[in-house]
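This report describes where two chains meet and then turns to one local feature. Please look over the sequence and the structure before reading on.

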Amino acid sequence: MAEDSDPNAPWVNVAGMTTVAITAALFVFFLLYVPEVAAGAPVLWSWDWIPSLQIRMSFWLDGLSLMFALLITGIGAFVMLYAARYLAGHPQYNRFALYLFSFMLSMLGLVLADNLVTLFVFWELTTFTSYLLIGFSHGDPKSRRNALQALLLTAAGGLALLAGLILLGMTQGTFEISEINAAGSLAGEPYYLLILLLFLAGAFTKSAQVPFHFWLPNAMAAPTPVSAYLHSATMVKAGVYLLARMHPSLSGSDVWVWVLTIFGAVTAVFASLMALRQIDLKQTLAYTTLMALGTLTMFLAGSTGYAITAAMTFLLVHSLYKACLFLTIGVIDHATGTRDADVLGGLARAMPITATMAALAGLAMAGIPPFLGFIAKEVAYAGALGMALTIFVVLMSLAAFALMFAVAAIVAYRPFFGPQGALPRKPHEGPWPMLLGPATLAVLGLLAGLMPGVTAHYLVEPAVAAVMGAPDEGGRLKLWAGFNLPLVLSLLTFALGFFLYLRHLDLRARLARIEARGPNLDARWDWLLERFMDFAKFQTRVIQTGVMRQYLFATFTVLSLAILVPLILRPVGGVTLAFAGLSLIEWGVAFLIAAGTILVVLTSSRIAALVGLGVVGIGVALIFIMYSAPDVAITQLLVELLVVVLLAVALLKMPYLDPSNRQVHRPFDAALAVVVGGLTTIVLLAVVDVPFDRRLTDFFEGASWTEAFGRNIVNVILVDFRTLDTFGEIAVVIVAALGAYALLKGGSRRAPEDEPAKGEKE
Amino acid sequence: MEALTALIIGTLVAAAVYLMLARNFMRFLFGLILLSNAANLTIFASGRMTPGAPALVPYGEDAPIGVVGNALPQALVLTAIVIGFGLLAFTLALAFEAYRRLRTMDSDKMRYAEPKEDRKG
């Protein structure tokens, strides 16, 4: 935060200035496209990315994305310049510049993307970069918590969006937004409702609509330039952008109209009331941002030219004045050391430039002529009068705009001209890098209002055309539209707003009382997270018992199910047990193995178990001998010998198998064991029942002598055709030997100090 | 013989599973040995079993005469036997060392990695 920075430190450095320069250059780059796009010719840049999945790196520059791109790069450049001065001398300023710049690029990618998947990638990138920005003061636990909250909420919405866009892309057969939009409204198509709801979940969490609003004011933990950037041009507008971008294809149903109108209107009015209730000016602005998002959502519900024009104009105005005001609050904070609305006052004398630009931005926010804010409000009323749920929309707009008027006075008038309280520091004018941005934005707000025709032609109307999917008639932005109902509503707004401002201290106290009684979603969120963690712990306790037998039991159960279920669902034909023609020797060997096995299972004696294992091993070797595998038999015998010797040596140093000398039998384990064993037999019988495919065998038999010059085919396979396997086998043995050596050797050296529990355990 | 071998393998696997589910770690080891025997036999038997005709190419011939034992599964089993032995030796060393440090062969009481205290949450 500003407290960490040193006002006298040099603020020009390579990292900061590079980001400013690149961003400004990008702004100019996009500015050059304005005439072309205004003439109705969108630009498409496209590269193949993952062609097999129809994913292209495609970018589409039309009126809507151009307006956003200009706001992002234009405001971005100013904010970066401002941040360089604001955080001068901050030890992590370079990191901050990187975060901010990455965020800017992600946002730019988001608004330009034409492929749904590309859009999603950038969407998530903005989520991550804003997480880093909100949590920039990472030493502060509150800051970390708020960053995480924003991340979890918006990422959850992002997942919904991902599901929605995959569904959309699959049903439409293309992932290019321009192609989907060109096909017109999807209302009535299968999955439309599901797609719409998933998109809305993504947009509403990102754009902080009630009831997902609570992360946005919390995100104010970020340094002021971040707030200015996140809350004016970008991040939170990403949701609104998505709604606008998908308007041609997703609108056109009652669900769209109702959901957007109601969520938008409730958010707008709720947020403006909350804005009035705040004392911290930055929090006030945060809630007015929510109000703006609500208003934008509400107007995007409509499909008339007026409603969309209202949304686009308001979007532009809001970005200009909100960024300006956030930066102004930052200047005030920087100069006086406080953002408390009750303390700040009478700063106009000490900070004349700041006061002027705050006044300009405030007038735009309040919607006073001749600012663009006034025009936006007029168009908004005109749009509201033409929308569904007319009375509701008009009343909600009236309430929101009147409250906005009052808040504008609180933020932009009172700190400069109101009564002064006890300031922590003597106020002084801010340095020029911190004034340049807000001043330019404030003046732009005025100029855009004075020249509504130019604004409309180059920015608003192309954007409206993009949102509506068809060229609009235009000519709606006028400073004087005649004496009509919107003008009356405007005048009513001023009167109501002025009244609210006069009574705002009283209202604030009353709102605070109401808020204390209402549900606290923020605390509810913490509660939810805690329950989630408890569930995770509970789950770990149940699944991860720390008892090896239970793990193994689960493993074998899953294994049996994995074999059993397919066996039942798709029965294999012909499992036959044919014992005809077996000689006495063969039965004898089988009996030998069975006897050895039973001995191992039943005995409590270590030596008897060892004998049983030996018998089994020799029995298996006998099978190999009888069935033409002498090499295998020799190896089996040698290994069996080694096993028995090793075990015998080890067993001498180990305790009895059953300390009480009586083995406890376990019926459940036995049942599971029989199931696994039986299934193995069935699978093997099914395998040998299908005709044998001799191709590989024929190849080896034919190639053994002619190609590898060996007469023992098994040996040739091992050392020639499958040498790599043999090499791997040797490697395994060496690794096992080294591991065992290290264990036994290292253990004996460390054992004394590593065994505190010696003698206690048993 | 494949059918009888399948029964033998089933018996071996059942015994192996039962032993591996025991509390005493040595029994687990016995189970492991039986299981690797069962696995080797499975590979062998699924390549079909031919009595009394090792896979050799007689002198003067380019290929074996008549039906001989399937060489490929034999080669695989050879590899498997050796790897199974390596695995067993390493597990035995682990068991040995575990016993030396923990003074128990009861796998329920071998709680070095997942101690009981942690479970209270």
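Contact here means heavy atoms within 4.5 Å. The model is predicted.

## The interface between the chains

By that definition, 108 residues of chain A and 95 residues of chain B take part in the contact. Putting the two chains together buries about 9200 Å², and carbon and sulfur atoms give 72% of that area.

Between chain B and chain A the count of salt bridges is 1. A salt bridge joins the side chains of A:Arg549 and B:Asp108, with an N to O distance of 2.7 Å.

## A helix pair across the interface

Helix α26 of chain A, residues 606–626, packs with helix α2 of chain B, residues 25–46. Their axes lie 11 Å apart, at an angle of about 10 degrees. Because angles under 35 degrees count as roughly parallel, α26(A) is roughly parallel to α2(B).

On the α26(A) side, the contact is made by A:Ala609, A:Leu613, A:Val616, A:Gly617, A:Val620, A:Ile623 and A:Phe624. On the α2(B) side, B:Phe30, B:Ile33, B:Leu34, B:Asn37, B:Asn40, B:Leu41 and B:Phe44 make it. Sorted by class, this contact has 11 nonpolar residues, 3 polar residues and no charged residues.

## A hairpin in chain A

Strands β1 (residues 43–50) and β2 (residues 55–61) of chain A run antiparallel and are joined by 7 bridges. Within this pairing, A:Ser46 has A:Ser58 of β2(A) as its bridge partner.

The two strands, β1(A) and β2(A), form a hairpin with 4 residues between them. In the turn, A:Gln54 has a positive phi of about 60 degrees.

Note on methods: Residues numbered from 1 in each chain as written. Chains lettered and ligands numbered in written order. Predicted model: local features only at pLDDT ≥ 70, side-chain atom pairs only at ≥ 80, totals over all residues. Heavy atoms only, no water. Axes fitted to C-alpha atoms, helices over the stretch in contact; angles between N-to-C directions. Parallel < 35°, antiparallel > 145°, perpendicular 65-115°, else oblique. Nonpolar A, V, L, I, M, F, W, Y, C, P; charged D, E, K, R; others polar. Pairing = 2+ DSSP bridges. Buried area = accessible area lost by both parts, 1.4 Å probe. Salt bridge = Lys/Arg side-chain N within 4 Å of Asp/Glu carboxyl O.
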